[in-house]
Amino acid sequence: MERRKPGNLNCCWSFLLAYLWCGSIYCYNLDVSHPVSFSGPDGSLFGYSVLLHKNRRNTWLLVGAPVANSSINSSVRKPGAIFKCSISDKRECQEIPTPVLDSCGKTCEAERDNQWLGVSLSRQPSDGHVLACGHRWKNVFYSNKENLNKLPHGICYKYDADLKHSIQLIPCYKDHQRKFGDDYASCQAGIANFLTEDLMIMGAPGTSFWTGSVLVYNTSTGARSAYVDEDNPVDFGSYLGYSVGAGHFLHPDSTEIVGGAPQHKQTGKAYLFRVVDNILKIVTEVKGHKMGSYFGSSVCAVDLNGDGLSDLLVGAPMYSTVREEGRVHVYINQGAANMKEAEFQLVGSDSYAARFGESITDLGDIDDDGFHDVAVGAPQEEELRGAIYIYNGRKTGIAQTFSQRITGSLLGNDLKMFGQSVSGGIDVDGNGYQDVAVGSFLSDKAVVLRTRPVVVVEATMPLPLRLNRSVAACSDHGLPAVCINATVCFKVRDQRFKGVTELQYNLTADTHHKASFPSRFYFHGNGTSNTTTGWVRARNDQLTCVTHQAFMKKDVRDVFTPIYFEVVYALKNPSFRSGESRNFPPLIPILQQRGGRSNLVVNKTEFARYCSLENCSSNLQVSVHLVLPQKHKNMSYFALGNGKTIMLNTTLVNTGDEAFLPKLQLRFPSNLHYIKVLDAEDMFVSCDISEESKSIVGVDCNVGNLYFSSGAKVNISFLLDVNQSSNAGDVSIVITTSGDNYEKEDLLHDNSATLMLPLRYGVDINIHGFVTPTSFVFGDQGPTPDDCYTETFNYTYKVLNIGPSRSLNTIVEIDIPKILAKYPYQLLNITNVQTSLGECAIKDGSIQVENHCDVPRSLFIEELIFFFFSKSSRRKMFCSYGDDLCLTLECRLGDMDIGKEASIHMEVKLNPNVLQILPGRHGVMLLESTGIVQSPREDPHNTLLLRSSVAQVVLEGHFTQKPQAAVKVFIIVVSLLMGLLILALLIFALWKAGFFKRQFKKDNDIRRDSWDYVPKNEKNESTS
């Protein structure tokens, strides 16, 4: 181990920043500084497919150009071509000859024009055989003979590893097959192909009217297999075989085939097959989620987590949130082909019209972490310039974010559709890392990107468990000092390089000190700075350590906050590694970026303290109580609009060890306003308002003077106000306390309190009314008027909101009897209504009334009985809620502010003839109209303080005392008859008493006696 003196700090930081920027955006770990580019014929779509290929010491890039003219056979129009481009020496591209057979079958005649040779390329992993296909190769035998459709069978060529010999394959050809679309006649085999050690897999999406199929040829046994859609699980037009692949899904030693069907039910599917008796049987399937996403147009079987079983990536390049951003779905093999979809999808940069997922390629382990990595192409990103994204395999599956993004514009402005095809798995420069090739067919180019070596560094930083600030165990300029020994250790692991690796680092002390306090430690070499730098020479697989002393400053007041140390490291003067080919410029090694790890190491220690609880834990407790200005029915509440404040009483207690920088945080909705803390200066409380969001407001308060001692208690009263425009409801207020030092987790339950502030509309609506005139007389006999509604009355109702809150959606109903039960004749009409607020409307009742003046008159006997027996009786006509016998006037007054008054004026005309109907008439008829407040009602948002919510107005109708004419005549006649009867009875009685039988004197005696002035008895005496 060698230690070097600290270097220049600014230089080190510049290097580290450059390293971090490079590693996070472009430079991990495909090199973009030295791309190897190849060009093909203009307009040939050179780069539509690419394949890295190696045979012995020769390394080539094979490139498909599906619309190229052949330089070998000029008689064929645009058949397409395969080019081999030498990477290691001259870097030139040459067309690979393809054989032209005279005969392809009994009923076969080849048409190679526009056959799209080079649409797909694949390589056998071990022997290096290459398969190239052209899916538009056509059999024109029946087209020429019988003028039928051309049959696009598709053609493939299998090349030896040295690319010198090949054999022709037409897997869909059958003798006497003539009908287009039927069976395999138009299968278009080879639109996608894949080679394993012993299987040749070709997609045939045109089979059976584009239901599609997958064709498999076993090169070891010569057996041919295909998917046959017997039970029709695959729909017509599904394009099964548009993409193909293979992997170990059921067992690490078995091989299963993958086929994509991007048009299945317009959402797409991907199928896993196994070969059973030369038939491909479906093992399992996965399906897309969105219409038109083209799910299944690309598939990739790759072991992402290193468990020996293949996982599955399925591209949906036309997945759209706005337009064709593209997605890649991830399926992790749980065992025996049980594919579980990940909770996330790969999205790249989620760029507009990028078609991310057009290609997916297994690159192998390019960063030397033991897990396979993949490349995902987005060829239409950045206006067709294109890009590829590198995703790294992990123990858990795959990283959700990409580790590198390489755009076509980064490598050259003339690249277009960069990422349509990607190939890996071959080390072209001999540095032990597999490299990557990318096609850019719209610019007729292909690019080889070499992989930079990675260095695995395990860094640690051991620190003492605690620091005793009373023990000065170190010396600073000859004076005793308290210090911490911060030891930085590195171990380099590089299987391909056994030499010395130089690392430079930046060490920072007390990185988490309070913003209001300066750093508590410094390094001797930098005076008062808390940062130092250094570098080491570390040998492979050997632990190399360097110790730095960080000195504590004087007068440190914060002994509660842990002391954090951070070290950032990078390769110092990285150089190329031995073993690289001299035909390529050297590549700079790079530190490995593992999942969840970076080149940053953090550790902490703390000051030793003497405490009563474990780890010197504080135990803060908070309790709260609201003091509200209103109370109704033993329930406290806050009446909106009352203009009063709310007092929030908070009690803070510490029953543990000292708390450092204790705080209180209030969180409440934005319709509450913080006013102040009562006696804040006396209690050393300072508060700041922080708006966490548009709907939540926070008040952060510092309590005490740095420390809150054990057993301390403080009562804090907050004054709050409510926005006048607030709505009613329960408002949550959360009060939380915390300190900057440690508090045990099981003691945190009382660090927070939540209470509900009930905001209510306190409503007190007063209603009263009167009528003019207050009474009338009915029953007078007179000429019959034209309008029988002869009586007019004016009703007035006053509605007043006394408060303390506004009344929302105020509704008043006025009910007045409209008929004399049980008769259907209309008693009255509301002829005019006026209101000073809102609007009024008459509600129709369910009882039909007769609105005319033809009211039947009472019978004579009824009138006679009424005259003698009911003249002084009384009857009240009243209304109950929802009474159909009444006429209802509904007045919607709207929102009424505090003190607002509304007047309702109602003109009523009455038909007195209805009141005269017998039976039913009484001497005094009382018509009671009722005004009632229907809204607001008592509910969770309204508290009713109603003093008078009902007003009753009584109109008195007095029946006239004059009897009707018929009654008068009847009375007179009866009186005369009764008088005569009484006289007759009297005479009869006198007669019976003998009154008429008494004796009378003679007339002369009478006359004589009448003139005689002498008393009769005297006369008698004298005579005698």
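I looked up Cys886 and found it buried, with a relative accessible area of 5%. The model is a predicted one, and in it Cys886 is joined by a disulfide to Cys879, with 1.9 Å from S to S. Cys879 has a relative accessible area of 11%, so it too counts as buried, the cut-off being under 20%.

Next I turned to Cys489 and Cys545, which a disulfide joins at an S to S distance of 2.1 Å. The torsion about their S-S bond is about 115°, so this disulfide is right-handed. The pair links distant parts of the chain, since Cys489 lies in strand β37 (residues 483–493) and Cys545 in strand β41 (residues 543–552), 56 residues apart. Cys489 is buried at 5% relative accessibility, whereas Cys545, with a relative accessible area of 26%, is partly exposed.

I also looked up Cys474 and Cys483, and noted that a disulfide joins them with 1.7 Å from S to S. Cys474 is buried, with a relative accessible area of 13%, and Cys483 counts as buried at 11% relative accessibility.

How many disulfides does the count come to? Taking a pair of cysteine sulfur atoms within 2.5 Å as the rule, I wrote down nine disulfides.

My last entry is for Cys300, which is buried, with a relative accessible area of 5%.

Definitions and conventions
Residues numbered from 1 in each chain as written. Predicted model: local features only at pLDDT ≥ 70, side-chain atom pairs only at ≥ 80, totals over all residues. Heavy atoms only, no water. Buried < 20%, exposed > 50% of the residue type's maximum accessible area, 1.4 Å probe, protein only. Helix = DSSP H or I, 4+ residues; strand = E, 2+ residues; numbered from the N terminus.
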